[in-house]
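Please find below some notes on the model.

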Amino acid sequence: MKTINLNFLKNINFFISAFFCLMLVTSCSNDDDVNNPPPVNDEELITNVTLTFTNNADATDTVVLASIAPDGQDGTSTEDVTGNFTSGATYSLSLAITNASETPADDVLNDDIIVEADEHFFTYAVNTINLTMSRDADDTDGADGSKLGVKTTWVAGAASTGNVQISLIHQPTSTDDSDGFGSSTGGSEDLSITFSGVNIQS
Amino acid sequence: MKYYVLIIMSCFINMTYSQNCKSKFFGEVHDFHDGTPMIAASIYIENLDKYTSTDIDGNFSFDNLCDGKITVVVSHLSCETKRFDIQISGDTFYEVNLEHHIEELNEVKVKGASNSKLTKTSQETIIKAKTIERYSASSLGDALKEVAGVSSINTGNTIVKPMINGLHSSRILILNNNVRQQDQEWGVEHAPNIDINSAGQISVIKGSGTLAYGGDAIGGVVVINPNRVISNDTLYGRTIIGGQTNGRGYNISSTLNKNYSSGWFAQVQGSYRKNGDFKAPDYNLTNTGLDSKGLTTRFGKKKFKSGFEVYYSYLNNEIGVLGTSHIGSTFDLVRAINSGQPILIEDFSYDINTPKQNVTHHLAKVNYYKRFQNFGKVNLQYDYQHNQRLEFDVRIGDRKNIPAIDLTLQTHTILADVNLDSNLNQKVNFGLMGRFQDNFANPDTGVRRLIPDYEKYDFGIYSTAEWKLNDDLIVDAGIRYDFNKIDAKKFYRKSRWEERGYNIDFQNIIIASVIGSQVFNGVIDPNAQEYLTNPVFDYHNISGSVGAKYSINDNNQILFNYSLASRPPNASELFSDGLHHSAARFELGNIRFDKEIANRVSGSYTYNNSKFSFLTEVFYNRIKDYIYLKPLDFILTNRGPFPIWAYEQTNAELFGIDISATYNFTDTWQWKNKTAFIKGYDLKADLPLIDIPSFNTMNQITYNHEAWHNFSASLKSEWVFEQNEYPDFNFEIENQLTEEIISVDISSPPPAYHLLHFYSEATFALSKKTNLNIALGVNNLLNTSYRNYLNRLRFFADDLGRNITLQLQLKY
C-alpha cells in the first residue's frame, strides 16, 4: 500500500506541475491591453429628416416637417410641424436626410440614397388632409423604372387637417409611381415617418 | 492492434557463442492496472509448440530451451491475447503485463460489438458512423435529431442548432475531439461550426451528468469523436459523393487514414458542400445557398501506455439567409406574415447575396497521455480555437461588402485530467481546466457593436467517481467548481444607460465619455452621447451529479440520475443592445443577471430481448433564474414603432418523456418508433415557455435483406403536432397615418404536419478491401407544404419541399 501511495503522490505532483507549466505558457498570450476600443460611428445612421415645402409663388410661405432621432434608427424619434399650407397654393418639396451625429453632418440623401437611386424608392401618403402631389419630370430615376421621389410638387386643396407620411423603401421588388404618392412591394423600410396635425388654411 | 506490454528487464547471463539448450525462460504475468498476479494465463511458445500456464502467483517457466528467438503468445480469459518475440540467451526472465480494460482500448470492435458509452448513469445515446454517413450533406443539428427528445432550432434549413429536451445554445455543450467548441454559441442563428464528415461517433447526453466537460450543461452535452485509431499497418479511406435535387446541391468528402502497428497514425479529411436556392413545394427560397469547406488533419502515436495527438480542423461556411426575411420595420413584418409567402421570389441561383453569414472556425489541439502502473492515466491537453463570424446585411452602396457584424473569438484552453482505474470496481477521475478567451468586435463595420470586446477567464476543478457495487449495480457521483470572470469594454448610449437604470447602480464602471467622435478618458460627462464602461463580473458555480444503473436481469435495466448545473450568463444575455433584423425587434441584455441554476432528475427504463427493444426516458428539470427574451416595451423610431424585447430571469420548469422502440417482426422486417413529449413553463409569469418542441412521433418500417448486397429500404413517417401551449407575445401597432390598429401575430404556432421520407441503400464489394455503398433517398416524399414552430424564418416562408438525394460511398 505504501508504494502505491508514494507512486500516487509522485504522479499527482507531476500532474499539477505539468498543469501549471501549461498555464504559464498560455498566460503569455494575454497581453494586458490598456488601450480601449474606439467608438464606432454608425455609418448608416439617419438622425434628421426634414421636409421643407416652399410655396412656388411666395418663397416666404414654407411648411417644415422635421423628424429628429438623435440615436438614429435605434432610438426614439420626435416629429415637429412648423407652418401651415395655404389652400390653393402649389409647393415644391425639398428633402434633407442627414446624419447629424457626425461633424459636419453627413448628407445621407445626396451621398448614399441618390447615388444608389436604382435601389431606392420614396413613397408618400396623406390622411384626411387635402394634399395632392406629383413627381417632377426632372426627378431622379429610382427603382424599377419609377421616379425616386426627391423632387416633387404638392398642391394644397381645401382647408383640412391630417397626417403626412414619408417612407423610404430599400430594394423594393416592384414600384408604382402612377399616382404620384407611389406604392411598392417587397424590400425593407429604411424610413417610415408620420407627421400628424398638418394643416391647410384657407 | 497490438497492446503494449511492458517488458521490465531481460537478463543476459551466459553470453556464450555456443548453442545452449539448457536455458530457462521464466516470468510473471500481472494485471497492468493494479499489478495483481494473473492466475491460469496460458503461455504458448508458438515455434516450439510448448504450453504452460501461470500458477497462483502468476509465475510460469519453461526449462531446457535452446538459445535463440522464440515467439510467445500469452492469453487469459477476458484479456486481449498478446503475441511477441523474444531472444533466449541463457536463463531469461520476463514480466508480462496484460490489459483487461478492453473497453478503454479504443479498439474498433467487430460487427455487432457494444457501444462505448461515455457515461454510466446518464441518458446517453450514441449515433454510430453508419448513421452519421447518411448526413454527409447535412449539418450536425440534423444528424442529432436521430435521438428521441433532440430537436433543433433553425434559421432556415442550413443554420441548424441542436436542442436537447427543449434547451439550446449556451445550455448545450458541444465537444469536438475533447475540445469544448467555442464558436459564439450564444446566438440562436449561430450554428455549431463542425463538419459532420469529421465525426466518427457522436454521443448525445441529456442533462449535465458528465462534469468532466463542464458544469453548465443545463440542457445536455454532445460529444463528437473522430474515428478511432487502429494500430495495424494499414492504409484505408472513404470517399462520399452526393447530390440533392432540392437546392441542386452536391457534396464530396474524403478521408484517408494511415496507421502503423507501432502506434503511429495520421489522418486527413476534406469536404466540400454546395447548394443553391432551396425550394419549398410552391416557390423558390431565394438566397438560401450554402458553400461549406472543411479540412481536418491529425497525427500522433497511440500506445496503451502513452501517446499523443496533434489535431487541426478548419471549417468555413458561407450561408445565405432567406432574402425575404430582411425587414426594415414592423410593418414589413406584418406584410410578410399576412402575405403567407415570400415577397421576394427569384429564379434559382447558386449566388449567395446579402443577408448572409460567413463563419470560419479553426481548432488546433495537442494532447499527451501516459498511463502509470498501479495508478491510472494522466491526460494533458492544450487547445486553441479561432472563430470569426461575419454577417453581411442589406446595406447601402459598397457597404454591403462590409460585414455588419465582425466578431473574432479566440480561446485557449488547458486541461489536465487523471483517471484512476487501477481498481476495476472503483474508478476515480479528476481534473483541472484553465481557459482564456478574447472577443474582438471589429469597429470597421460602421455599425455599433452588437457584442462588446471582452476577455473571459475560466477555471474549473472537478472529480467524478464510479463504483461497481456488484455485477448488477453501478453508482457514480461527481462534483465540480467553476470560476468565471468576464472583463468587457462596452459602449452604452447615454439614453440606454439611463433607461436601464444603470446610472444608479453602475455609474462607477464608466471609464470614458464619448462626445462627437472624441473620447474623454476617465470622465463622466452628462452631455456625452455614449459612455465607455468596463463591466467586470465574477461568477462562482458549483455543479454535481449522482446516479445509479441497476440491471434487474438480462432484459431489464433502470437508470437514475440527479444533476445540479450552474451556468453564468453569456455575453449576449449580459450585453445585447441592438436591432435584430429578421425579428424586427430590439434585444436588450441585462448586466444585473446572476447565474442560472438547474436541478434535473431523470430516470430511464430499458427492455431488451432478441426481437424487441424499448427505452423510455423521463426527466424533470427545474431552472432557477432561467434567462429568456420577453417583450418589454415599444419604441417609436423613424422606421415606425418597434417592440423592445429584454432578457429576463424567471424560474422555469421543463419535464418530458422520450421513447425509442424497435421491433423485429422477422429477420428482414423491422419497425422503429421514436416519440418525444415535453412541456416547459415560466413559473413566475405562469406562462408556457416559448420555443418548446411540440409532441412529435416518428415511425419507420425497414426491409433489410443481407444476401442482396445488404440491401435495405425504409419508409419513415414523421408526425409533428401543433404546439398548443405557447406564450402569447402578439402585439399591436398603430399605423400612424390611418390611426388603424394592426395586430401582429408572432406567437401562434403553425399547424401540425405529417411527412413521409424514403431511404434505401445497398453495398457492393468491388474487391477484397473495397466496397461501394449506394444510397437513394427522398425527403418529403409527398412534397407537403409545412412550417415548423422551431424555425425562426417560419413567418416568411414554407419549409423545404421534396428532395431526392443520391449518395455514393466508397470505402477502400
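1. Strands β14 (residues 201–206) and β15 (residues 220–225) of chain B run antiparallel and are joined by six bridges. Within this pair, Gln201(B) stands opposite Asn225(B). Strands here are DSSP runs (E, at least two residues), numbered from the N terminus, and two of them pair if DSSP finds at least two bridges between them.

2. The model is predicted: local features need pLDDT of at least 70 and side-chain atom pairs count only at pLDDT 80 or more, while totals for chains, interfaces and linings use all residues. Residues are numbered from 1 along each chain as its sequence is written, chains are lettered from A and ligands numbered from 1 in the order in which they are written, and side-chain values use heavy atoms, with hydrogens and water left out.

3. The β14-β15 pair belongs to an open sheet of five strands in chain B, in the order β8-β14-β15-β12-β13, with mixed pairing. At the edges stand β8 (123–127) and β13 (179–180) of chain B; each has a single partner strand, so one side of each is left without a neighbour in the sheet.

4. Between the chains, 68 residues of chain B are in contact with 61 residues of chain A, contact meaning heavy atoms within 4.5 Å. The area buried between them is about 5500 Å², and carbon and sulfur atoms give 58% of it. Buried area is the accessible area (1.4 Å probe) that two parts lose on being put together, summed over both. Ile396(B), Asn638(B) and Leu737(B) supply 15% of the area that chain B buries against chain A, more than any other three residues.

5. Four salt bridges are counted between chain B and chain A, a salt bridge being a side-chain nitrogen of Lys or Arg within 4 Å of a carboxyl oxygen of Asp or Glu. Asp71(A) forms a salt bridge with Arg493(B), with the closest N and O atoms 3.4 Å apart.

6. Over all chains, the count by this rule is 41 salt bridges. Lys69(B) and Asp85(B) form a salt bridge, their closest N and O atoms being 3.7 Å apart. Lys69(B) lies in strand β5 (residues 68–75) of chain B and Asp85(B) in strand β6 (residues 82–88) of chain B, so the pair ties together parts that are 16 residues apart in sequence.

7. Chain B is assigned domain 1 (23–100) and domain 2 (225–811), with bounds from an automatic or database domain assignment. The centres of these two domains of chain B, taken over C-alpha atoms, are separated by 52 Å.

Methods
Helix = DSSP H or I, 4+ residues; strand = E, 2+ residues; numbered from the N terminus.
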